[in-house]
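Below is a short briefing on one structure, grouped by topic.

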Amino acid sequence: MNEAIYEMLRRYRPESITDYENALKEILQEVILLGLNRSGFFERAAFYGGTALRIGPLKLVAPNVFKLTY
């Protein structure tokens with residue numbers, strides 16, 4: 001796992017697989033929004049009202065390895 005993501009995950013102190021999945025979704029959202037910001041996306045677009053970035057369900061495929069499923 002990427003060291004930066006691991007450090008971010010430690011802030012959440014997950015106690016179950018569900019906690020771990022939810023924490024990873026929030027972290028992925030932060031990373032995605034950071035990437036969009038760095039690419040200049042928000043100079044031309046914005047999220048308004050009920051608009052949200054959605055992260056799909058995660059599936060545990062190996063210890064500490066999750067895959068997005070749809």
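Arg13 is placed in the loop between H1 and H2. The model is a predicted one, in which local features need pLDDT of at least 70 and side-chain atom pairs count only at pLDDT 80 or more, while totals for chains, interfaces and linings use all residues. Residues are numbered from 1 along each chain as its sequence is written, and side-chain values use heavy atoms, with hydrogens and water left out.

- Helices (H or I, at least four residues) and strands (E, at least two) are DSSP runs, numbered from the N terminus.
- Arg13 has a phi near 50 degrees, which is a positive value in a residue other than glycine.
- Most residues other than glycine have a negative phi.
- With a relative accessible area of 69%, Arg13 is exposed; the classes are buried under 20% relative accessible area, exposed over 50% and partly exposed in between (1.4 Å probe, protein chains only).
- Arg11 also lies in the loop between H1 and H2, and its relative accessible area of 55% makes it exposed.

**Overall fold**

- The protein chain contains two helices and two strands, and along the sequence they follow the pattern α-α-β-β.
- Of its 70 residues, 17% count as buried.
- Among contacts in the protein chain with a separation of 6 or more, 28% are made by residues 24 or more positions apart; a contact means heavy atoms within 4.5 Å.
- The accessible surface of the protein chain is about 5700 Å², and carbon and sulfur atoms hold 52% of this surface.
- Accessible areas come from the Shrake-Rupley method with a 1.4 Å probe, and for residues only the protein chains shown count as cover.

**Nonpolar core**

- The largest nonpolar core has six residues: Met8, Leu9, Tyr20, Ala23, Leu24 and Ile27.
- At least two residues of this core come from each of helix H1 (3-10) and helix H2 (17-38).
- H2 gives the most to this core, four residues.
- Such a core is a set of buried Ala, Val, Leu, Ile, Met, Phe, Trp, Tyr and Cys residues joined through side-chain atoms within 4.5 Å.
- Val31 lies in helix H2 and is partly exposed, at a relative accessible area of 40%.
- The C-alpha atoms of Val31 and Ile5 are 8.9 Å apart, although 26 residues separate the two along the chain.

**Salt bridges**

- How many salt bridges are there by the rule used here? The count is two, where a salt bridge is a side-chain nitrogen of Lys or Arg within 4 Å of a carboxyl oxygen of Asp or Glu.
- Side chains of opposite charge can pair when their charged atoms come close.
- Glu7 and Arg10 are about one helical turn apart because they are three residues apart in helix H1.
- Glu7 counts as partly exposed, at 36% relative accessibility.
- A salt bridge also forms between the side chains of Glu30 and Arg11, at 3.5 Å from N to O.
- This pair links distant parts of the chain, as Glu30 is in helix H2 and Arg11 in the loop between H1 and H2, 19 residues apart.
- Glu30 is partly exposed, with a relative accessible area of 34%, whereas Arg11 is exposed at 55%.

**Aromatic pair and surface patch**

- The count of aromatic pairs is one. Rings of Phe, Tyr and Trp (its six-membered ring) pair if their centres lie within 6.5 Å; planes under 30 degrees apart count as stacked, over 60 as edge-to-face and the rest as tilted.
- Phe41 and Phe42 form this pair in an edge-to-face arrangement, with 5.1 Å centre to centre and 85 degrees between the planes.
- Phe41 is partly exposed, at 32% relative accessibility, and Phe42 is partly exposed at 33%.
- Phe41 is found in the loop between H2 and strand E1 (58-62).
- Together with Phe47, Phe41 and Phe42 form a nonpolar surface patch with about 240 Å² of accessible area.
- Patches are made of residues with over 30% relative accessible area and no salt bridge: like charges are joined within 9 Å, and nonpolar side chains (Val, Leu, Ile, Met, Phe, Trp, Tyr) within 5 Å.
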